[in-house]
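Thanks for coming. I have one structure to go through, and I will keep it short.

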Amino acid sequence: MDSLCEKCWYNTYDDESDESFCTLILDEDEYVRFMNQMDKPCRYFRPDRGEYDIVKKQN
């Protein structure tokens, strides 16, 4: 599951703490559901295809 999170659009690396974290904004109920389903695949996963994916949409 860690490798899936590393490839996610919402994964952000913090240089100061030397850790990665999820920047997905959830309300309290969604967060509880998300934490209770950690053994299941993340339904919020969006693959991070890099900055070139954004450029493709502009052309």
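What share of the 59 residues of the chain counts as buried? The figure is 8%, where buried means under 20% relative accessible area, exposed over 50% and partly exposed in between, with a 1.4 Å probe and protein chains only.

Before the details, this is a predicted model: local features need pLDDT of at least 70, side-chain atom pairs count only at pLDDT 80 or more, and totals for chains, interfaces and linings use all residues. Residues are numbered from 1 along each chain as its sequence is written, and side-chain values use heavy atoms, with hydrogens and water left out.

The chain has three helices and two strands, in the order α-β-β-α-α from the N terminus. Helices are DSSP runs of H or I with at least four residues, strands are runs of E with at least two, and both are numbered from the N terminus.

Now the loop between β1 and β2. Asp18 lies there, and its phi is near 60°, a positive value in a residue other than glycine. Most residues other than glycine have a negative phi. Asp18 counts as exposed because its relative accessible area is 53%. Glu16 is found in that loop, between β1 (11-14) and β2 (19-22), and counts as exposed because its relative accessibility is 78%.

Last, the aromatics. The whole structure holds one aromatic pair, where ring centres must lie within 6.5 Å, and planes under 30 degrees apart count as stacked, over 60 as edge-to-face and the rest as tilted. Phe34 and Tyr44 form this tilted pair, at 6.1 Å centre to centre and 55° between the planes. Phe34 sits in helix α2 (residues 28-36) and Tyr44 in the loop between α2 and α3 (51-58), ten residues apart.

Definitions and conventions:
Phe/Tyr/Trp six-rings, centres within 6.5 Å; stacked < 30°, edge-to-face > 60°.
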